[in-house]
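I opened a new notebook page for this structure.

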Amino acid sequence: MIKKTINRSKFLWILGLFFTVTAAPFSQAQVFSPLRAQSASLILNQYLFQERLQAGLRNKTVKVGDIHWSYNEGGHQNKPAIVLIHGLAGTKDDWNRVAQFLTPYYHVIIPDLPNNGDTRIPESFDFSVPNVTSQLRAFLESLKVEKNLHVAGHSLGGPIATVYASQYPFDTQSLFLLNSAGIYKQANTPYTRDPHALKHLIVSKPGDLEDVSHKLMQHPPVLPYPLKQAQEKLLISRAEQTSKAIDQIVMLNRIYTPETFARLTRTVEAPTLILWGKQDRIINVEVAKELYSLFKRAETPVILNNVGHVPLLEAEQQVAQHYLPFLAKTQILKNPLADKLIPFN
């Protein structure tokens, strides 16, 4: 069993930060001055720095082609490699809470996807899932971690992880999907029936974050108000980026039907673990069983009660408790394609 510990120095740092910033009280209705806005950004950056430190991660950058990738990396480079792919409007730091349980045993890489976080792309970038997957492959090759790779994806990161496992079957050691987006027959939420409705989840003005958080999560993590306000300000600044990310999902629905998406999924050879929050209001939990029926080597889906669409933030310890044994088991498995190599000449 995983025992989750709280770093005392980190706890005291957050506590001191909270009381320092809130020493001069202000209401949510007040507008930040430029100085206060700058302080909010600094607060968030310092918090994320401490969170990465706690997780054994460091923020790094690398230029591959026209993309300036920003990513978190941790664990020993001689350990088996895992790439963790965030979801819609997310960033690499969404995985920090889970990563703290992985870095002692694995080499963990968590990129900001193109058009998200701090990754920089050219204006003419193609945001389609197939292209993002190809660019992700080039990024991983630049780090020399593409062989025997464990791939995990949350939400919109799910189909990217699935396409990756399908396109690079010889190099994918395992696949882990959390509340994964896709084209499902049994999908019945407003957001799956009409992906345009996802734009109602964009944080575009003060006060939106509270409402959106409760739609996404059953029990949103409690953060000190200054941190929440800084996070909201950042999301507002990225509203246009989020809108473009939603356009990717709309495009995915145009490219695939439930039948063609199922055909893609059936080509995946890697052992697969599916995990879902039972109270997911974005992609209903019933599709987990449908997704399970499509994979060749899927384990019985893990359903977490009292968890919504973002188990990474709502139930990170439970996620790790299920993922670590799966990783240990699949790490020693031989790729089923290894004995099926056909000479090209």
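Is Lys-92 buried or exposed? I looked it up: Lys-92 is buried, at a relative accessible area of 1%. My cut-offs are under 20% relative accessible area for buried, over 50% for exposed, and partly exposed in between, with a 1.4 Å probe and protein chains only.

Ground rules for these pages. The model is predicted, so I take local features only at pLDDT of at least 70 and side-chain atom pairs only at pLDDT 80 or more, while totals for chains, interfaces and linings use all residues. Residues are numbered from 1 along each chain as its sequence is written, and side-chain values use heavy atoms, with hydrogens and water left out.

Entry: salt bridges. I count a salt bridge when a side-chain nitrogen of Lys or Arg is within 4 Å of a carboxyl oxygen of Asp or Glu. My search of the whole structure returned 15 of them.

I began with Asp-118 and Lys-92, whose side chains meet in a salt bridge at 3.5 Å, N to O. This pair links distant parts of the chain, 26 residues apart. Asp-118 sits in the loop between strand 4 and helix 4, and Lys-92 in the loop between strand 3 (81–85) and helix 3 (96–102). Helices (H or I, at least four residues) and strands (E, at least two) are DSSP runs, numbered from the N terminus. Asp-118 is partly exposed, at 34%.

Which residue forms another salt bridge with Asp-118? I found Arg-238, with the closest N and O atoms 3.5 Å apart. Arg-238 lies in the loop between helix 8 (225–237) and helix 9 (239–255), so its pairing with Asp-118 ties together parts that are 120 residues apart in sequence. Arg-238 is buried, with a relative accessible area of 16%. I then noted a network of salt bridges that links Lys-92, Asp-112, Asp-118 and Arg-238.

I also checked Lys-228 and Glu-210, whose side chains form a salt bridge at 2.9 Å, N to O. Lys-228 is in helix 8 and Glu-210 in helix 7 (residues 208–216), 18 residues apart. Lys-228 is partly exposed at 28%. Glu-210 is partly exposed too, at 37%.

Entry: Asn-115. I placed Asn-115 in the loop between strand 4 (107–111) and helix 4 (129–142). Asn-115 counts as buried because its relative accessibility is 7%. Its side chain reaches the backbone oxygen of Gln-241 at 3.0 Å. I then listed contacts (heavy atoms within 4.5 Å). Leaving aside neighbours within four places in sequence, Asn-115 touches Ile-121, Phe-127, Gln-241, Lys-244 and Ala-245.

Entry: helix 4. How far apart are the end C-alpha atoms of helix 4? I got 20 Å, which agrees with the 20 Å that its 14 residues should span at 1.5 Å a residue. The expected span is 1.5 Å times one less than the number of residues. Buried residues in helix 4 include Val-129, Val-132, Leu-136 and Phe-139.

Entry: positive phi. Lys-144 follows helix 4. Its phi is positive, about 60 degrees, although Lys-144 is not a glycine. Lys-144 belongs to the loop between helix 4 and strand 5 (149–154), and is exposed at 72%.

I looked at Ser-155 next: phi is near 55 degrees, again positive in a residue other than glycine. Ser-155 is in the loop between strand 5 and helix 5 (157–167). With 8% relative accessible area, Ser-155 is buried.

How values were computed. Polar contact = N/O pair within 3.5 Å; in protein donor to acceptor, adjacent residues only side chain to side chain.
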